[in-house]
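Trainee: I'd like to learn how to read a protein model, one feature at a time. Could you walk me through this one?

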Amino acid sequence: MSSGPIQNTSLVPGGVIGDGRYRLLAQSGADRRCDAQLWRARDGQLNRDVALTVLVGNPADHAAAARAKRTAERAMHASSFTHPGVARVIDVLTPGAGIKLDEGILGMVVAEWTRGTDLMELVAEGPMAAGAATRLLEPLGAAIEGAHHAGLVLGADHPQRIRVTPDGRLRLAFPGPRPDAIARDDVKGLGAVLYLLLTGRWALPGGPENVPVAPTGPDGAVVAPSALRPHVPHELSSVAVRSLEDTSVGGIRTSAAILQVLDQISRSEAETALIRPVPDDGTDDGAVWTTQRPARGKEHNRKLMISVAVLAVATLAVIAWLGVQIVSFFSDEPSGTGGPTVVIGQSSTPGASGQQAAPAPQPAGPVQPASVGVYDVTNQPDNANRANRAVDNNPTTVWQTENYFQPFPALKPGIGLMAGFAEPVKLASVTVTSPSEGTVVEIRVAGADGAPLEETKVIATATLSAGQTQIQLNEHEATQHVLVWVTKLAGSGRNNRSEIAELVYTRAQ
């Protein structure tokens with residue numbers, strides 16, 4: 001018997017499957033990673049629409065049959081979990097379960113139909129405003145968090161499995177996790193959906209063929225949404241990127257961390273309003289004989305976008321107070337990205353003085369770095385094109401971090417300035433001029449400007465006072481790379497930010 005694929009002629013609009021019970025109305029998508037087709041269908045016995053996840057393959061392919069069986073088992077196990085962010089599983093059909101499955105079908109997950117619109121239709125109208133994206137995503141994030149607490153995996157890592165309800169919330173409409181899916185995949189999926197809402201691009205492998213792929217930098221990391229759309233808040237952009245990363249430093253590994261930032265963005269909106277109800281498409285009682293999703297006119301999509309855009313107006317409030325930093329940052333040229341583990345901002349030569357490090361025989365005294373850049377482990381360096389202001393011998397100009405809703409290490413372990421010297425130098429002290437009293441810094445030496453944080457060595461720690469703080473350094477080998485690493489920002493509550501006006505590096509005798 002051949003183990004190749006079997007073409008099921010019933011898997012077309014108008015076809016009837018599931019022992020004659022389910023009439024297919026329109027295909028909503030396909031998850032190629034697990035050979036699953038996603039259909040809207042009509043339950044002929046109960047006279048209602050349902051969402052079908054149809055697992056296709058050749059029964060003679062034992063590996064494919066085993067994968068389909070595992071998906072069905074996981075879907076059945078998750079059927080006891082109820083949450084508004086997940087469609088309720090009604091039934092799970094497998095071979096030998098008392099119902100005849102059609103040729104080429106290895107299993108089916110039957111879920112209640114989610115009224116509203118496809119996520120892909122919404123995104124096709126253009127990227128969402130930050131506030132609207134946050135409001136849309138929160139219910140799905142809460143569902144994932146609840147499922148993980150219950151020891152379940154939902155499989156919310158494919159955009160065509162997700163729909164937008166009439167009241168403007170995302171919902172997992174086609175449950176059925178892949179056989180090898182883990183909780184981490186749900187977290188990645190949540191970050192990828194946020195990225196999709198903010199940019200219109202999909203950032204995980206195996207997405208729909210007609211959706212643009214998220215761009216990546218030279219190090220292979222996904223480019224931050226704020227780099228593509230400057231008005232995306234820093235925290236939201238950071239969460240989207242960090243949830244996709246598998247690194248132990250800087251990566252977000254739980255949905256709770258994502259929800260925390262979503263909640264903060266929502267509460268920051270001065271006049272937050274719920275998305276107004278969107279009229280249903282009204283096609284529940286009629287079959288749709290097309291090869292695509294049920295057709296909707298521009299008017300339908302326009303109404304949905306208008307209702308979602310209510311939050312975009314409210315978002316202006318949070319952008320206004322964040323915008324001081326964002327607008328000023330983007331008035332300069334954007335910086336590049338660095339190596340695979342950290343990002344060093346644009347290296348800059350000194351401004352006013354311009355001297356480079358003195359030759360080795362020079363006696364003890366100040367030594368000017370040849371370059372300075374922002375060191376960041378999350379691929380989102382703060383104000384990287386202003387790093388040179390910290391070494392321009394002008395204390396009236398400053399490099400500053402972004403304003404963070406939460407203190408470190410909630411969104412990142414820290415942020416810093418990496419100085420590069422023309423030749424190895426042994427320092428006695430670093431003097432920091434800063435108005436940001438209470439900022440905590442570490443002075444670290446590194447083997448390269450892009451060295452991973454864990455490979456740098458701490459040679460001093462200090463809490464800055466307002467004005468000048470001279471930090472005496474412990475004994476260390478001569479080095480060309482010195483990092484001033486900020487581990488605690490000045491401020492409190494929802495306003496955490498630090499400024500560095502000047503760094504003076506003093507050579508040891």
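Trainee: Are Tyr404 and Phe408 buried or exposed?

Mentor: Buried means under 20% relative accessible area, exposed means over 50%, and partly exposed is in between, using a 1.4 Å probe and protein chains only. Here Tyr404 is buried, and Phe408 is too. Keep in mind that this is a predicted model, where local features need pLDDT of at least 70, side-chain atom pairs count only at pLDDT 80 or more, and totals for chains, interfaces and linings use all residues. Residues are numbered from 1 along each chain as its sequence is written, and side-chain values use heavy atoms, leaving out hydrogens and water.

Trainee: How many aromatic pairs are there?

Mentor: Rings of Phe, Tyr and Trp (its six-membered ring) pair if their centres lie within 6.5 Å; planes under 30 degrees apart are stacked, over 60 edge-to-face, and the rest tilted. By that rule there are four aromatic pairs. In one of them, the ring centres of Trp113 and Phe174 are 6.3 Å apart with planes at 75°, so this pair is edge-to-face. Trp113 sits in the loop between β6 (105-112) and β7 (117-118), and Phe174 in the loop between β9 (170-172) and α4, so the pair ties together parts 61 residues apart in sequence. Trp113 counts as buried at 11% relative accessibility, and Phe174 counts as buried at 1%. Tyr404 and Phe408 make an edge-to-face pair as well, because their ring centres are 5.2 Å apart and their planes are at 65°.

Trainee: Which residue does a cis peptide bond join to Phe408?

Mentor: That's Pro409, and omega there is about 10°. Pro409 lies in the loop between β13 (399-400) and β14 (415-425).

Trainee: And how do I read a helix?

Mentor: An α-helix has 3.6 residues a turn, so residues three or four places apart point the same way. Helices (H or I, at least four residues) and strands (E, at least two) are DSSP runs, numbered from the N terminus. The expected span of a helix is 1.5 Å times one less than its number of residues. Take α4 (residues 183-199): its 17 residues reach 24 Å from first C-alpha to last, close to the 24 Å expected. It's mostly covered, with 16 of the 17 residues buried. Just after α4, Gly200 takes a positive phi of about 80°.

Trainee: Which residues have a positive phi although they aren't glycine?

Mentor: Asp19 is one of them, at about 60°, and Asp35 is another, at about 50°. Asp19 is in the loop between β1 (16-17) and β2 (22-31), while Asp35 is in the loop between β2 and β3 (36-43). Asp35 is partly exposed because its relative accessible area is 40%.

Trainee: What do the strands form?

Mentor: Strands of a sheet pair through backbone hydrogen bonds, either parallel or antiparallel. Two strands count as paired if DSSP finds at least two bridges between them. In this model, six strands form an open antiparallel sheet in the order β1-β2-β3-β4-β6-β5. Its edge strands are β1 and β5 (89-93), each pairing on one side only. β1 and β2 pair over two bridges, and Ile17 stands opposite Tyr22 in β2.

Trainee: What is the average pLDDT?

Mentor: pLDDT is the predictor's confidence in each residue, from 0 to 100. The protein averages 81, and 78% of the residues score at least 70.
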